[in-house]
Amino acid sequence: MSRIRSFATPARLAAFAAAFAFCVIVFGAFVRLSNAGLSCPDWPTCYGKATWPGHEHDIARANEAFPERPFEDHKAWREQVHRMIAGTLGLLVLSLALIAAWSRRPLVAMLLAAAACAAIGVTLYMKQMYAVSALLSAVAIALPLLAALRLDRSAPWRVAVVTFAVIIFQAMLGMWTVTWLLKPIVVMGHLLGGLLTFSLLGYVALRLAGAPVPTAAQSRLKPMVVVALVLLSLQIALGGWTSANYAALACGADFPKCAGSWWPMTDFREGFVLWRGIGVNYEGGVLDAAARAAIQIAHRIGALVVFGHVLATAVLAWKRGLRALGALVALLLCTQVVLGILNVKLLLPLPVATAHNGVAALLLLALIALLVRVLPDREHQRLE
């Protein structure tokens with residue numbers, strides 16, 4: 001008990017950072033689904049301002065500087081606020097990483113150097129010194145990874161340091177989302193990066209808080225939970241690809257059929273071309289109906305696979321004494337399926353579509369909590 005109490009502050013900080021990351025994910029989904037992803041055509045500023053244009057002369061200057069992207073106040077504030085709260089999350093993750101490495105001063109210096117490289121890289125990017133900026137960003141990502149390898153502490157502390165590298169790369173994905181004009185592979189990667197950050201912080205918080213030692217029967221659930229996490233992650237990636245290619249309504253309001261057919265005209269080859277070059281504006285999507293239908297059908301098939309395996313995992317967890325976690329996973333899974341169907345039947349209303357992203361994140365966290373709970377006894381190491 002004293003061991004858990006001694007790490008209460010890092011555990012609470014990790015839990016707060018995870019909760020904050022969840023808010024960033026949900027708000028980011030709201031920004032993307034309200035078609036505000038390119039409402040600030042530059043990065044990290046918005047029409048050259050740290051906030052966004054507010055006065056008439058600022059708006060006129062913004063429209064003159066970016067004639068291809070007229071200023072829209074109701075969208076621009078969403079995009080820039082999202083960047084601000086994402087930056088705040090970065091500071092929280094840096095704080096957690098510094099706590100993890102605090103007694104190892106050379107590693108602390110590496111983390112601070114990474115933060116400095118990231119900040120200087122952004123400054124140089126704004127000055128259009130792109131090559132040097134990219135080099136500094138790469139160094140900023142590499143330093144925390146190297147620090148994590150050299151940190152002689154248990155898994156949650158090393159993961160806390162790794163998360164700092166992840167969030168720096170996530171910031172780069174946010175930049176590319178804007179500068180590469182909503183390129184689908186980048187938009188999907190940005191979603192996955194946000195969920196990875198959230199998942200890692202959730203794992204750190206749960207491990208630092210401590211967990212009861214599982215029974216032998218509970219420990220045998222570990223492979224099934226790992227498979228559930230892999231399948232859910234792939235399904236989330238499919239969902240991100242569906243959204244990034246504007247394929248959510250490829251079947252119209254038809255469910256379980258698609259456009260009046262069980263198997264409409266599809267083009268899977270075209271629908272899953274991951275890289276199409278740079279310079280195309282992907283806002284609104286560039287694929288034809290057959291390619292979008294292929295993406296939507298793949299997402300539905302994936303949902304069936306995930307539903308079957310995750311529900312079986314939840315039932316087994318319930319039967320082996322993990323009733324609260326089993327019930328939570330099942331509840332979130334069923335809620336997610338209902339939200340997905342409502343997205344189609346109601347033609348993608350913004351609140352439902354945003355909730356679909358949020359529940360996906362919560363389901364991911366619930367499975368991580370289940371994984372932590374079934375870790376074999378040898379993996380419940382001393383948290384030092």
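The model is predicted. H4 and H7 cross at roughly 160 degrees, and the crossing angle of H10 and H14 is likewise given as roughly 160 degrees. Two cis peptide bonds are described, one from Trp-43 to Pro-44 and one from Phe-255 to Pro-256.

**Helix pair H4 and H7**

- Two packed helices are described by the angle between their axes and the distance between the axes.
- Helix H4 covers residues 73–101 and helix H7 covers residues 155–179; their axes come within 8 Å and cross at roughly 160 degrees.
- Angles over 145 degrees count as roughly antiparallel, and H4 and H7 are therefore roughly antiparallel to each other.
- On the H4 side, the residues making the contact include Glu-79, Arg-83, Leu-89, Gly-90, Val-93 and Leu-94.
- On the H7 side, they include Trp-157, Ala-160, Val-161, Thr-163, Phe-164 and Ile-167.
- The crossing of H4 past H7 is left-handed.

**Helix pair H10 and H14**

- The axes of H10 and H14 come within 9 Å, with a crossing angle of roughly 160 degrees.
- That angle makes H10 roughly antiparallel to H14.
- H10 passes H14 in a left-handed crossing.
- Residues of H10 that meet H14 include Lys-222, Val-225, Val-226, Ala-228, Leu-229 and Ser-233.
- Their counterparts in H14 include Ala-360, Leu-363, Leu-364, Leu-367, Ile-368 and Val-374.

**Helix H13 and Gln-336**

- H13 has 23 residues and reaches 33 Å from its first C-alpha to its last, close to the 33 Å expected at 1.5 Å a residue.
- The buried residues of H13 are Leu-325, Gly-326, Val-329, Leu-332, Leu-333, Gln-336, Leu-339, Asn-343 and Val-344.
- These buried residues pack against helix H12 (289–319) and against H14.
- Gln-336 sits in H13, which spans residues 323–345.
- Gln-336 counts as buried because its relative accessibility is 13%, and buried means under 20%.
- The side chain of Gln-336 reaches the backbone oxygen of His-356 at 2.9 Å.
- Leaving out residues up to four places away in sequence, Gln-336 touches His-356, Val-359 and Ala-360.
- After H13 comes Leu-347, whose phi is positive, near 60 degrees.

**Asn-357 in H14**

- Asn-357 belongs to helix H14, which runs over residues 350–374.
- With a relative accessible area of 14%, Asn-357 is buried.
- A polar atom of the Asn-357 side chain lies 2.9 Å from the backbone oxygen of Ala-353.
- Not counting residues up to four places away in sequence, Asn-357 touches Ala-29, Arg-32, Leu-33 and Leu-191.
- Ala-109 is 248 residues from Asn-357 along the chain, and the C-alpha atoms of these two residues are separated by 37 Å.

**Phe-71 between H3 and H4**

- Phe-71 is located in the loop between H3 and H4.
- Phe-71 counts as buried, at 12% relative accessibility.
- Beyond its neighbours within four places in sequence, Phe-71 is in contact with Tyr-47, Trp-52, Pro-53, Ile-59, Asn-63 and Ala-76.
- The C-alpha atoms of Phe-71 and Cys-46 are separated by 9.7 Å, and the two residues are 25 residues apart along the chain.

**Cis peptide bonds and positive phi in loops**

- Most residues other than glycine have a negative phi, and most peptide bonds are trans.
- In the loop between helix H2 (8–33) and helix H3 (56–65) lies Pro-44; the peptide bond to Pro-44 from Trp-43 is cis, with omega near 0 degrees.
- The loop between H2 and H3 also holds Asn-35, a residue other than glycine with a positive phi, near 60 degrees.
- Asn-35 counts as partly exposed, at 38% relative accessibility.
- Pro-256 lies in the loop between helix H10 (222–244) and helix H11 (268–271); the peptide bond from Phe-255 to Pro-256 is cis, with omega near 5 degrees.
- Tyr-246 is found in the loop between H10 and H11, and its phi is positive, near 55 degrees.
- The relative accessible area of Tyr-246 is 27%, so Tyr-246 is partly exposed.

Methods. Residues numbered from 1 in each chain as written. Predicted model: local features only at pLDDT ≥ 70, side-chain atom pairs only at ≥ 80, totals over all residues. Heavy atoms only, no water. Helix = DSSP H or I, 4+ residues; strand = E, 2+ residues; numbered from the N terminus. Buried < 20%, exposed > 50% of the residue type's maximum accessible area, 1.4 Å probe, protein only. Contact = heavy atoms within 4.5 Å. Polar contact = N/O pair within 3.5 Å; in protein donor to acceptor, adjacent residues only side chain to side chain. Expected span 1.5 Å × (residues − 1). Axes fitted to C-alpha atoms, helices over the stretch in contact; angles between N-to-C directions. Parallel < 35°, antiparallel > 145°, perpendicular 65-115°, else oblique. Left-handed = near helix turned anticlockwise from the far one by under 90°.
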